[in-house]
Every structure is written in C-alpha cells, then in structure tokens.
Amino acid sequence: MGEEGELIKTVNLTKVYPDGTVALKGVDFDVQKGEIHGLLGENGAGKTTLTKILSGILKPTAGEIHVRNEKVTMKRPQDGLALGIGMVHQHFALVRRFTAFENIVLGTKVNPAGRKADTTKKQIEDLSSRLGLKVPLDELVENLSLGVQQRVEIIKMLYRNVDLLILDEPTSSLTPTESDELFKTLKKLKNEGRGIIFITHKLREVMENCDRITVLRQGQVSGRTDAGQVDPRTLARMMVGRDVVLELSRPPFSPGDVILAVRELTVLNNSGEEVVEQVSLSVRRGEIFGIAGVEGNGQTELAEAISGVKPLAKGQISLAGNDISHASPNLVRRSGAALIPEDRRFMGLVTEMTVAENTILGKQREKQFRSGYFTIAWKKVNNFTNSLIARFGIVTQGPKSVVKSMSGGNQQKLVVSRELSSEPDFILASQPTRGLDVASTEYMRKLLLQLRGANKGVLLISSDLDEIFQLADTIGVMYEGKLIDVVSSEGLTRDKIGLLMGGVKE
Amino acid sequence: MRLSRVFTPAFLSSLTESVFAGAVGFVVGGLVLWVLGYNPLSTFYYLLQGSVGSPTNFSVTLNNAAPLILTAICFAIGLRAGLFNIGAEGQVYVGAAAAVAVAFFSLPVGLHLALSIIVAGAAGALWSLPAFLLKASRGVNEVISTIMLNWLGFYSILWVSLNWLVDPNRSEKTISVPATMRFPDLLGGAGISSAILFSVLIAFGYYGYLWLTPSGYELRAVGLNPDAARFGGIAPKKALLSAFALGGFASGIAGAIQVAGRGPPYAIYTTLGNVQNFGFNGIGVSLIGKNHPVAIILAGIFFGALQAGATNVQLYARVPYEIVQVIEGIIVVAIAAPDILKKIRGLGK
C-alpha cells in the first residue's frame, strides 16, 4: 500500500448555476491516498458538477476545497493540474488527427518533433509498461479503439504527474474485457498511492472495484459507505431515494386495445453497434408505458426509430395496425402519432423562426393554411397559433416573436401544442420535462395524464424516476440496449427499479 | 403583397445599420486614400458624379445592377437553405450562351425575349444540377463542386462561343441578338435598360417564394435547422434541389440580361469578358443585402454605382483603378462586417 493521508476534501460545497439550478447543496466529500472512491448517482444528481469543481473547470458558489490539507482556490483547469488533479471526461478530449504521442504531450513544453522527443517517448513508454497501459504511441488517435483512446487520456494525465485521477463514466464505452483491464490499471495506480474518483451508475462495478462509495441524489450526499459492507439493494435505495416531489392523482388503470406494437426491434448506431437490441413492447390505449433507465442505454435510439428519424436494422413497428417500420416522421404522424422529441431545441423547433412558423412545421402544406394554390395564408396560421397559445397557456409576445427568446418551458409547450393539435391517438414523449421548472413540469405531467384519461396511448421515455413512478402504468427498464424487464407499476418498489437501472435483475 | 410586410421594423433597423457601416467604410477608405497621397474628397466626388451625376452615368449604374441583383439572389437563396453556393459565375456564362442560341431563331417581339429568358434560366438551373446531385448522393461540398462547374462552364462556353455562336463577320464576339429579343430602353432616352425593372420584379418574386409559399418555408427551415426540419417531415434534399435550381435559374437570367439587356454589343465577347465576375460580385452584393431579396435590390444598385464611378475616378481624380477597387472593397467589407461578426459570435454558442 502507498502512503496514508488525505488527498482532497470538500466542505459544504454548494453550486448554483446562473439560471438558478441548484446542482450541489452542502456536499462534504473526501478522497484518501491509495483509494478508489466510487461516486454514484442518477442523471442530474450532481456527479459531474462535483467533479468539475474538483478539477477546477467550475467554480463553487460556496464551500471550501482542501488539497493535501491546504485550502485552495482553483480558477481554471490548469490550476487543478498544477495541484495534481486531472479528469478524464466521458467524451474524450483528444485530437483525432494527431498521434497518441502528440496528444499526450499536447499543451506541455515538449515539442513532439523536437530533439528531446525521443527521451520523452521513452519516459512515456516506461510509464505505460509499468502500469500495463499499452498504447501504440505513433498511431493516429482516430485509428484507435475507444478503450485505447481512454488509455491515451489516462497516460496524458499521469504524464502530468496527476495523483488524483477523476474518471467520468469510464466504462460506458468499453467492452467487458477492456473494462477489466481498466480496473487492473486502476488498482496499480492505487497501489502507487494515487487517489481515483470513479463515477458510474453501474452498481456491480463500484461494489467490486471501489474502496469507498459516496452516493449523490439531487445535489446532496444521500449515502456514504465502505464498498465491502453494502448490498446492491441499499445502494439502489440511496441512489433513487424515496421522496416524491409532486403528488398527482391517477385515475384507475383500464387499458384498451394495443395502439403501438414494437417487435424485436434492433437499431444500430453510426459505427454499426447494436444500441437497441431485440426490444419488444406494446402500448395500449389508456395506458402510460414508461421506459426507465439511465441515459445512454438505448432510449434515445428507440424513440428515434419509432419516430422514423433513425432506420431500424431489424424488427417491426406498427401503429394502430399500420406498419410504420420504415415510415418517415410525417407518415408516422399521419398514422396518428404525436412525437415529442428529446431535444426540443434541435429536433422539435427551428428556434430562429417565429412561433407561428414553428406551429406549422410539418403542416405547412395542409389546405387549412393555404390561400390560393401556392401561398401560405399567414393570417390563418396566426389565428391557429393564437388558438394554441390560448389553449396551452404558452407565454409569448405573440405569433410573430422568435422562439429563441422564449423560456424552455414555453418552448416545450409550443412543441407539445403543435403535436397535439392534430388529435393523435398515440403520444411518444421523450424526456418531456427535462430542464423545465417545477410549474412547467407539473403542467406537462398533468397533460400526459389527461391524454391517458382521453383513452390515448402514451410511451413515456424518461430518466427521471419520479416522473416514471407518478405517471406510468407499466414500466420497462432499459439497460445496455435491452429492455431487461417490463413490470406493472402496481406495488413496484423504487429499490427494484433502481436495481434494474443498474443492470441487476433478480 | 403589402409593403409593410417587406419593410418591417427589423428590416429598417438592419438598413440603418448598413448605412452606418457603409459610412464608416467610406471614412476608412478615405483615410487610406489620404495616406497613399490621393485626395479623398475629389475621389468620392468623382465616384458620385460617375455613378449618379448624369442620366447617362445613372444608366450605367442601373445596367450594372440588373445582373448583379440576380446573381446575388442565387447566392442568397443558397445561404437560406444552408448552402454556400458560389456557382453563379458559371451559370451566368451558360445562361448568356443559351440566350444567344435563341437569337438564331426568328420570333415576334416579346415572345422572343420571353423565350430567351426562360431558356437561359433553365440552362443556368441545369448547370447547377451536378452540384446538387453530388451533394445529395455523395455528400460532396457545394463549394468544391460549384468552383469546378464554374471552370467547366468557362471553357465550355468559350469553345461554344468560338465555334458555334461566333459572328461570321466579327470573330471577337458572338452574333448579336436581334432587336426582337432585346430589353427595350426605358423612356427618357438615357439608355437605361428595362432589364433593371425585370430584375427587381424577379427579386420580389423570390421574396414571395421564400416567405409566402410552403416550399420556400421548407427551404428556410432546412437552412436554419435541418434536424428539426427532417423531424417535422420535410425532406431536406427537396429543399436543397429547390435552392440550387432556383439559384441557377436566377443566374442564368443574369446571363440573358447581359446579352439581351446591354448594348452594344448585345452579344458575348468571345473572351467572355463581358459576362465575367457577375457571379463573384453577386456574393458581395448578397452579403451587403443581408441575403434578403428586397435588400439585395438596393445593394445591387449600390454595387453597380461603385463600379460605374470607378472609371470616372480613374479618369478625373487620377487614382489608379486598382486603388479604387481596394477602396470599394473596404466599403463592402465594412457593410458586411456586422453580420459576419454576429455569425462568428453565434458559432461560439
């Protein structure tokens, strides 16, 4: 074992973002030398904010940071590096057209083509062979697999003499073998006396590889434990909590016919990997089918495949009896679907256009908005827009104001109002309340319940577990592209869902 | 179309900004002249005199502006669809040659001109198609493909002019288009061709297309956010086809105007000297006009005036033509700068 002692400690750390979001509330956290410390939490729990503060990328609103028992103030990432703190981000920060070696020395005083380059290369080779981090130094990064790219990132940090290494979701893009190798390396680093912060949502990984675990929930520490003395059930409970923010009344569940049927759907990402694998599900009228799961487990691609944005590799999707497996978004809508995309600013709206222009996106050729053969009757469009503004309580200066200037909640209402204006039978809602304030969130959730009451089928994809619990009649959990379980929400405990979200099926 | 729809407060404030930026450009240009030892005041006097000082000079300004407005619209409609289409240059050559080809037929007044305009526009649109096809099928960047098409157009039309369209009696030019195919001069006898009115009409037509038709709406939506457009059920490729084809159509007509709306020679010089640079200058005009078809009319006239005045400055203020072009460049950059700065700032977000 390496030397004992405290590497970093935070006292009462608080972060409030300029838009008023409280990301961290009074967090006390510490990492000792020679320790792998697991940091666990759902999306938005504050994990990333905490590590960004620790590495000097963000400044805390209040609270103190002590490094090796000395109070420090960091203003930029370089300050963190100077103190020996380095972060490997989930999405690597490598120059793809540079070699591994060039990337490692980038930003240092070493000239990769200079006279001293060979000496430096030798140093790096020694370092990597000692730790078992084999990297072809002269290969272009774009030719390296994600696992090897990650090694380049780690060596980059170690070459800068970092002794607190922060890894954000390091296994999310690795194969199981690559993950095992990563953990071997981390153990070697730990034995050299370095500290490691390991961020993840995978319960098994933290239990098997970490010394201590800190769990964050809604910006606060909800649990601290030694890894050896904890079972996954307890961890899951710490992670998802028990509090329900809003209480909504849900009329009894009385489902009708199947409206959406997905059979053995497989979707590939751009590099040809299966990101949705053999998913089958059916949504009935009068039902809210909730899909839970930590983000990045295939939910986005599932929604895109149903919407007709992403082609499917295998399987079949039918809506109200029509095969929409290969339909365009327009055809999916015409078969009776409302599509609320996950990313309203990039998918749902053309934010530089006006409110009126956005309300007819996809309906611009409909007869109701024509005057004569060729032209759009903007007067009719404006009347239509005003009716939506009134019906959905959208706060805006009027049909002619630009969408960019509206708040997130009102932008979302605008998307929803447009999608619901064609009286659909099925609603696909992806992350419908993400980034919205409490009032808008409540509005959206009530609206989804109203739609359920009006005997429409709703497929709700949400990484917000509260939302799933409040709204869904049936819950499916996605983990690594598979729908690992589908259960009724009646009598379901959060612990069980938490376990499933962490990939543990009992 | 009500004018209040076109001249919105946003349009007017944008116009004020341009006028102010243009004034700054004149001051900076003046300073450069002064440093180089020329008299800025007399330079600007002769610039003004040469462009609007007499009915004849003004006719040069407007005749310069007519094709520039159309090539600017070609660039603007591309930009509205998210394209950087610089193919107008080659499309002008092709359009001009197509118009001359129509001159070989005998047709009645009116019909002859109308046919030549349509044929020239169609030829320009056709010339833009390879760029669309390459982009849609192989993802080839339109900057590369349109530059290549420009050179292809240059040498093809050079060959066609020398071999097929050439005037048997005067080999320095193609045959001149007959009187039945010429744009009539406007009343007043100053030699102002009615081509300018036609260009203005087309500019309003493109405005109407972009803001009043579903197809124009789709084109703008694709240009601003292709993902949202696709999600909304718009086919981005269809919008790109419209942008390329309509842009080529406008540039082709610019070529027709240059032969049928401007005499002498009412022909193409077999060096292509009198149909060159309209495409490239059109980019500048579009930028000054903030890629808005109606503002482009004003920008085109402004640019036409700078060109008309340049010769006068050279003659009377004794400033070399190259220096005049530098000064005009400074003015154009000053006017386009606020928009370019906004774009750069927008990229950081």
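Biologist: At what angle do the axes of helix α13 (residues 378-392) and helix α14 (residues 408-420) of chain A cross?

Modeller: The model is predicted: local features need pLDDT of at least 70, side-chain atom pairs count only at pLDDT 80 or more, and totals for chains, interfaces and linings use all residues. Residues are numbered from 1 along each chain as its sequence is written, and chains are lettered from A and ligands numbered from 1 in the order written. Helices are DSSP runs of H or I, at least four residues, numbered from the N terminus; axes are lines fitted to C-alpha atoms over the stretch in contact, with angles from 0 to 180 degrees between N-to-C directions. The two axes come within 10 Å and cross at roughly 115°.

Biologist: Which residues of α14(A) does α13(A) meet?

Modeller: Contact means C-beta atoms, placed from the backbone, within 7 Å. From α13(A) come A:Leu388, A:Arg391 and A:Phe392. Their partners in α14(A) are A:Lys413, A:Val416 and A:Ser417.

Biologist: Are α5(B) and α7(B) roughly parallel or roughly perpendicular to each other?

Modeller: Helix α5 (residues 88-102) and helix α7 (residues 142-165) of chain B have axes that come within 8 Å and cross at roughly 20°. Angles under 35 degrees count as roughly parallel, and 65 to 115 as roughly perpendicular. Therefore α5(B) and α7(B) are roughly parallel.

Biologist: How many nonpolar residues has the contact of α5(B) with α7(B)?

Modeller: B:Tyr93 and B:Val94 are among those from α5(B), and B:Phe154 and B:Ile157 among those from α7(B). Four residues of this contact are polar and one is charged. The nonpolar ones number 11.

Notes: Helices (H or I, at least four residues) and strands (E, at least two) are DSSP runs, numbered from the N terminus. Two residues are in contact if their C-beta atoms, placed from the backbone, lie within 7 Å. Angles under 35 degrees count as roughly parallel, over 145 as roughly antiparallel, 65 to 115 as roughly perpendicular and the rest as oblique. Ala, Val, Leu, Ile, Met, Phe, Trp, Tyr, Cys and Pro count as nonpolar, Asp, Glu, Lys and Arg as charged, and the others, Gly among them, as polar.
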